[in-house]
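Please open the structure in your viewer and follow along, one selection at a time.

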Amino acid sequence: METICQSCGMPLDSDEVRGTEADGSLNSDYCIYCYKDGKFTQPDLTLEENIASAANFAKEAGMAPEQMTEWAKAVHPTLKRWKK
Ligand SMILES: [Zn+2]
């Protein structure tokens, strides 16, 4: 099963992209861009902002920006950080 960041949805396919705890250990739920040294890098980020920013990563994900937004709308609300 592929693990994805529970904040932004990017694949956690190597330890290099995993978030870190304050003691330097790896976090298994979040990527390094969302979670670093035991806290969220953007603690005030909202789900709406998170979805809006997804299009910026479309190129890396090999998708069209609109596709990426659709994907984020479907996936982000199911992630641990955003689930109500
Ligand atoms: Zn992330």
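Two strands pair if DSSP finds at least two bridges between them. Helices (H or I, at least four residues) and strands (E, at least two) are DSSP runs, numbered from the N terminus. Two notes before we start: residues are numbered from 1 along each chain as its sequence is written. The model is predicted, so local features need pLDDT of at least 70 and side-chain atom pairs count only at pLDDT 80 or more, while totals for chains, interfaces and linings use all residues.

**Whole chain.** Along the principal axes, the C-alpha atoms fill a box of roughly 40 × 25 × 20 Å.

**The hairpin.** Next, select residues 18-20, strand E1, and residues 26-31, strand E2; they pair in the antiparallel sense over two bridges. Arg18 sits opposite Cys31 of E2. Between the strands of this hairpin are five residues, and Gly24 has a positive phi near 90°.

**The core.** Now select Cys5, Cys8, Leu12, Tyr30, Cys31, Cys34 and Tyr35, the seven residues of the largest nonpolar core. Such a core is a set of buried Ala, Val, Leu, Ile, Met, Phe, Trp, Tyr and Cys residues joined through C-beta atoms within 7 Å. Buried means that 20 or more other C-beta atoms lie within 10 Å of a residue's own, with C-beta atoms placed from the backbone. Buried residues make up 20% of the 84 in the protein.

Definitions and conventions: A residue is buried if 20 or more other C-beta atoms lie within 10 Å of its own, exposed if 12 or fewer, and partly exposed in between; C-beta atoms are placed from the backbone.
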